[in-house]
Amino acid sequence: DTLKIDKVFLDETANSERSQIIIAQVVEMARKLGMEIVCEGVETQEQAEFLRGISCDIAQGFLYAKPMAMEEFDSFRKQSS
């Protein structure tokens with residue numbers, strides 16, 4: 001039900017139009033299959049904008065927050081909302 005795109009694929013998008021096309025087509029295919037799309041490893045604003053532009057559902061990575069324990073996440077979430 002959920003497709004998770006690995007950071008390795010996203011890393012290449014800065015240098016390769018081909019990588020951008022591959023990710024965009026994978027997202028489009030997953031959307032047609034009714035899947036939710038998560039892309040991990042977002043480290044730059046450019047990556048986030050690219051994912052937003054291809055309608056990726058969820059982006060996660062250091063751009064937003066570092067990995068953290070559940071208790072720390074609960075506190076982070078409360079402060080963010």
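Residues are numbered from 1 along each chain as its sequence is written, and side-chain values use heavy atoms, with hydrogens and water left out. In this predicted model, local features need pLDDT of at least 70 and side-chain atom pairs count only at pLDDT 80 or more, while totals for chains, interfaces and linings use all residues.

**Exercise 1.** Determine the strand order of the sheet and state which strands stand at the edges.

Solution. 
- Helices (H or I, at least four residues) and strands (E, at least two) are DSSP runs, numbered from the N terminus.
- Two strands pair if DSSP finds at least two bridges between them.
- Strand 1 and strand 2 (residues 36-40) are joined by 4 bridges in the parallel sense, and leucine 3 is placed opposite isoleucine 37 of strand 2.
- The open sheet has 3 strands in the order 1-2-3, with parallel pairing.
- Strand 1 (2-5) and strand 3 (58-60) each have a single partner strand, so they stand at the edges and one side of each lacks a neighbour in the sheet.
- From one strand to the next, the twist averages 20°.

**Exercise 2.** Find which helix lies across strand 1 and strand 2, and give its angle to strand 1.

Solution. 
- Axes are lines fitted to C-alpha atoms, for helices over the stretch in contact (heavy atoms within 4.5 Å).
- Angles run from 0 to 180 degrees between N-to-C directions.
- Helix 2 (residues 17-32) lies across both strands and runs at about 170° to strand 1.

**Exercise 3.** Is isoleucine 5 buried or exposed, and which residues does isoleucine 5 touch?

Solution. 
- Buried means under 20% relative accessible area, exposed over 50%, and partly exposed in between (1.4 Å probe, protein chains only).
- Isoleucine 5, in strand 1, has a relative accessible area of 6% and is therefore buried.
- Beyond four places in sequence, isoleucine 5 touches Ile23, Val26, Val27, Ile37, Val38, Cys39 and Glu40.
- For isoleucine 23, the separation from isoleucine 5 is 18 residues in sequence and 8.2 Å in space, C-alpha to C-alpha.

**Exercise 4.** Identify the residues with the most contacts inside the largest nonpolar core, and list the contacts of leucine 10.

Solution. 
- A nonpolar core is a set of buried Ala, Val, Leu, Ile, Met, Phe, Trp, Tyr and Cys residues joined through side-chain atoms within 4.5 Å.
- The largest such core has 13 residues, and Leu10, Ile23 and Leu51 have the most contacts inside it.
- Helix 2, strand 2 and helix 3 (45-53) each give two or more residues to this core.
- With neighbours within four places in sequence left aside, leucine 10 contacts Ile23, Cys39, Glu40, Gly41, Val42, Gln47, Phe50 and Leu51.
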